[in-house]
Amino acid sequence: MTPSAAPLAAFSGYGIELEYMIVARDGLQVLPIADRLLDRLAARPAGDFGWSNELVLHLLELKNERPAPSLTGLAQGFQAEVATVNAMLEPLGARLMPGAMHPWMDPQRETKLWPHRDAEIYRAYDAIFDCHAHGWANIQSMQLNLPFADDAEFARLHAAVRLVLPILPALAASSPLADGRRRSELDFRMESYRLHAARKPSLIGRVIPDNATSLAGYRTEVLEPMYAEVAPFDPAGVLRHDWLNARGAMPRFGRHAIEVRVIDMQECPRADLAVAALASAAIRALYEARWTDCPAQQGPSTGILADILAACVRDADAARVDDPRYLAQFGLPSAPCRAGEIWQHLFARCGDDPLFSDALRTTAARLLDLGPLARRILQAVGAGFDRSKLAAVYGELCNCLAEDRLFREAQ
């Protein structure tokens, strides 16, 4: 997302980034042809949406080029872009795959890093971490960018985002399979992500960021230690940028926005935007101190929030949340509840937010009824995990993306 000319006030603009895999139309194996496709896309006139490369050659990122004043209409724009790209991929025997992970990709064997512009960045990452692993090469997420105008807005927004991060997998988990088998976590993408930078722990901490009250303080307390830890392995300084930060939410200084990363990709843009609306509405309710003020929101420790995140990564909507101080942030009683019940509560209290068009509100309600995509995938796969069954289920997910429909909506 290209930054606006001047910092935007909180909730006056939205940036959405969606990551898709390129796979073979028939066998669904990953195809490292993003560079060929991007060459074709570069010939188009500039518009409201853009595509870009990522770390690996089988991945593409779609984003709105400028902050959108509303989420309304973005789903249709993203869907039109998906249709355009799928049409370009068809002669190449390829298509886009949604969801957060490929169910049988072998990252050690199939990963091909981006070799063109800025390739030195990806070589540096690979030299430090070895990017031929699920946590680098087989993860697709939606990034939600929320702006702030100054330090005061940053502190309030950061506190609100930090509280919502732990329960996002309860809403958006879509990665229950990898290596051709059922994983222990419904959000295996986030489990892989949690460990992907473990060799340099200052980059990711516990995924949940510590409290932050100013951008200058964030640079001193978070970015500088991170740069120092990586410096011996990055003598050219190519990684010395805010995007080196791998926490689940982090400030993007050039954009004056907080980027939220703890959201698995869904089956179609309509579902992705409904999740973005639910997350944004919950964050705005906290930002506006609907239940507690900012100092109270900064009270729960990073450890408590990280434990809730771990439970939601494992069990998604069924995760048990029993910390009374955390529940109070959302106006809930102290009795333990499931994370899915927190989202039902938040939708009941925030579903009238102007973020929701009628279509997004209807889709959000349906997603909450259906449960996270990870559970629907497992129900569709059933007891067996043979390749043909996985290919049939993920082929249907590709059809959902192409046709703008929810997976297993009629169940």
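Ala 249 counts as buried because its relative accessibility is 1% (buried means under 20% relative accessible area, exposed over 50%, partly exposed in between, with a 1.4 Å probe and protein chains only). The model is predicted, so local features need pLDDT of at least 70 and side-chain atom pairs count only at pLDDT 80 or more, while totals for chains, interfaces and linings use all residues. Residues are numbered from 1 along each chain as its sequence is written, and side-chain values use heavy atoms, with hydrogens and water left out.

Ala 249 lies in strand β8 (strands are DSSP runs of E, at least two residues, and helices are runs of H or I, at least four, numbered from the N terminus). Leaving aside neighbours within four places in sequence, Ala 249 is in contact with Val 161, Leu 165, Pro 209, Tyr 218, Ile 258, Glu 259 and Val 260 (contact means heavy atoms within 4.5 Å). Ala 249 and Val 260 are eleven residues apart in sequence, yet their C-alpha atoms are 4.4 Å apart.

Strand β8 (residues 249-252) runs antiparallel to β9, and four bridges join them (two strands pair if DSSP finds at least two bridges between them). Arg 252 stands opposite Ala 257 in β9. Four residues lie between the strands of this hairpin, and His 256 takes a positive phi near 55°. Strand β5 (residues 142-147) is also joined to β9 by four bridges, again antiparallel. Asn 145 has Glu 259 of β9 as its bridge partner.

In a regular strand the side chains alternate between the two faces of the sheet. In β9 (residues 257-260), Ala 257 and Glu 259 point one way, and Ile 258 and Val 260 the other. All four are buried.

The largest nonpolar core holds 155 residues (a nonpolar core is a set of buried Ala, Val, Leu, Ile, Met, Phe, Trp, Tyr and Cys residues joined through side-chain atoms within 4.5 Å). Ile 16, Ile 22, Leu 71, Leu 96, Phe 330, Ile 342 and Trp 343 touch the most other members. Helix α10 gives the most to this core, with 14 residues. Leu 96 touches residues including Trp 51, Leu 60, Cys 398 and Leu 401, not counting those up to four places away in sequence.

The axes of α10 (residues 269-287) and α15 (residues 358-370) come within 9 Å and cross at roughly 90°. The two helices are therefore roughly perpendicular (angles of 65 to 115 degrees). Residues of this contact include Leu 273 and Leu 278 of α10 and Leu 360 and Leu 367 of α15.

Notes:
Axes are lines fitted to C-alpha atoms, for helices over the stretch in contact, and angles run from 0 to 180 degrees between N-to-C directions. Angles under 35 degrees count as roughly parallel, over 145 as roughly antiparallel, 65 to 115 as roughly perpendicular and the rest as oblique.
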